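Biologist: I am new to this one. Please show me the model, and then let me ask about it piece by piece.

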Amino acid sequence: MRVVFLGAPGVGKGTQAERIAVQYRVAKISTGDLLREAVRMRTALGLEAKSFMDQGKLVPDAVVIGLVQEKLADLSCAAGFVLDGFPRTVSQAEELGKALASKAMALDRVVNFQVSREDVVRRLSGRRSCPKCQATFHVDFAKPKADGVCDRCGESLVQRSDDQRGAIETRLKVYDEQTAPLVRYYDDRKLLSPVDASGAVDVVFQHLSQVLAPYQMR
Ligand code: AP5
């Protein structure tokens, strides 16, 4: 299974990528998580990425492409992968195509998550994240067992700096301008599957499983 999860910020890509990775035993490659980890570890790459991320802007292509290529080279990706949040520009999509072709691989599917703008803003503004293990929660839709504490590792939950209203607006604008063209790009290549992601997490997972069922076994 080699799939890309595409969609505006907050549509639920990360939540579903986590579940698909467990269910189908494929690697999950989330550029947002990788970049946040680099920021947390204060690496040179993290320091470069931080100001872009805080403002809700895209990190330069060269930085992100390098990160993903490193991960794809990892053997754990051989059984399959789900790419969450990558590619996000046409140039990233072209580089991904080349990197896969060089390994005699190709994408099976690109899932386009669809949720109304109103719901996306609600999901993002209520999200609480674990800075340590990257688990995500929501103040209304996915409450942690103990208020403000990560169920998985016990760390205090935080609101991501880019989940503040100003940054959310920038992220949605950036999505429209730089990432939305990928819908057409992958549709032209007959890879796109739209998925209604407006329902509850379990309902969306069912839709997704139907779309991905043909790619479970190779
Ligand atoms: P990234 O972390 O990838 O952010 P994003 O794409 O904006 O996506 P989100 O993580 O905000 O949302 P999601 O769709 O994963 O939703 P989630 O499942 O968390 O990127 C962050 C930044 O890094 C970017 O802005 C950029 O600066 C940089 N970056 C990353 N990749 C890059 C790239 N390729 N190129 C350049 N820069 C890059 O869910 C959201 C909330 O909703 C959660 O609280 C969740 O609990 C809740 N929820 C989920 N599903 C449902 C549901 N069905 N019903 C109700 N609530 C739900």
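This is a predicted model: local features need pLDDT of at least 70, side-chain atom pairs count only at pLDDT 80 or more; totals for chains, interfaces and linings use all residues.

Biologist: Which residue does a cis peptide bond join to Pro-87?

Modeller: Look at omega, which is about 0 degrees here. The cis bond joins Pro-87 to Phe-86.

Biologist: Now the ligand. Which residues come nearest to it?

Modeller: A residue is near a molecule or strand if one of its heavy atoms lies within 4 Å of it. There are 34 residues around the ligand. Those that come nearest are Thr-15, Lys-57, Arg-88, Arg-127 and Arg-171.

Biologist: At what distance does a polar side-chain atom of Arg-88 lie from an oxygen atom of the ligand?

Modeller: Polar contacts are pairs of N or O atoms within 3.5 Å; within protein, one must be able to donate a hydrogen and the other to accept it, and residues adjacent in sequence count only if both atoms are side-chain atoms. Backbone atoms take part too: a backbone N or O atom of Gly-10 is 2.9 Å from a ligand oxygen, and a polar backbone atom of Val-59 is 3.0 Å from a ligand nitrogen. For the side chain of Arg-88, the distance to a ligand oxygen is 2.5 Å.

Biologist: How much of the ligand's accessible area does the protein cover?

Modeller: Accessible areas come from the Shrake-Rupley method with a 1.4 Å probe; for residues, only the protein chains shown count as cover. On its own, the ligand has 1,000 Å² of accessible area. The protein covers 96% of that.

Biologist: Which element gives the most to the shell around the ligand?

Modeller: Elements that give two or more residues are α1 (13-24), α2 (31-40), α6 (117-125), β6 (136-138) and α9 (201-212). The top contributor gives four residues, and it is α2.

Biologist: Against which elements do the buried residues of α2 pack?

Modeller: Buried means under 20% relative accessible area, exposed over 50%, partly exposed in between (1.4 Å probe, protein chains only). In α2, the buried residues are Thr-31, Gly-32, Asp-33, Leu-35 and Ala-38. Contact means heavy atoms within 4.5 Å. The partners are β2 (27-30), α3 (44-55), α4 and β3.

Biologist: Why do the buried residues of α6 line one face of the helix?

Modeller: They are Val-120, Arg-123 and Leu-124. The arc is that of the directions from the helix axis to the C-beta atoms. Seen down the axis of α6, the buried residues line one face because they fall within an arc of 95 degrees.

Biologist: Is Gln-16 buried or exposed?

Modeller: Gln-16 lies in helix α1. Its side chain reaches the backbone oxygen of Val-201 at 3.1 Å. Leaving out residues up to four places away in sequence, Gln-16 touches Phe-5, Phe-113, Val-201, Val-204, Phe-205 and Leu-208. Its relative accessibility is 3%, so Gln-16 counts as buried.

Biologist: Which residue's side chain does a polar contact of 2.9 Å join to that of Arg-160?

Modeller: Arg-160 is in the loop between β6 and α7. At 14% relative accessibility, Arg-160 counts as buried. Leaving out residues up to four places away in sequence, Arg-160 touches Arg-36, Arg-127, Ser-129 and Arg-171. The 2.9 Å polar contact joins the side chain of Arg-160 to that of Asp-162.

Biologist: Is Arg-25 buried or exposed?

Modeller: Arg-25 is in the loop between α1 and β2. Its phi is near 50 degrees, a positive value in a residue other than glycine. At 73% relative accessibility, Arg-25 counts as exposed.

Methods:
Residues are numbered from 1 along each chain as its sequence is written. Side-chain values use heavy atoms; hydrogens and water are left out.
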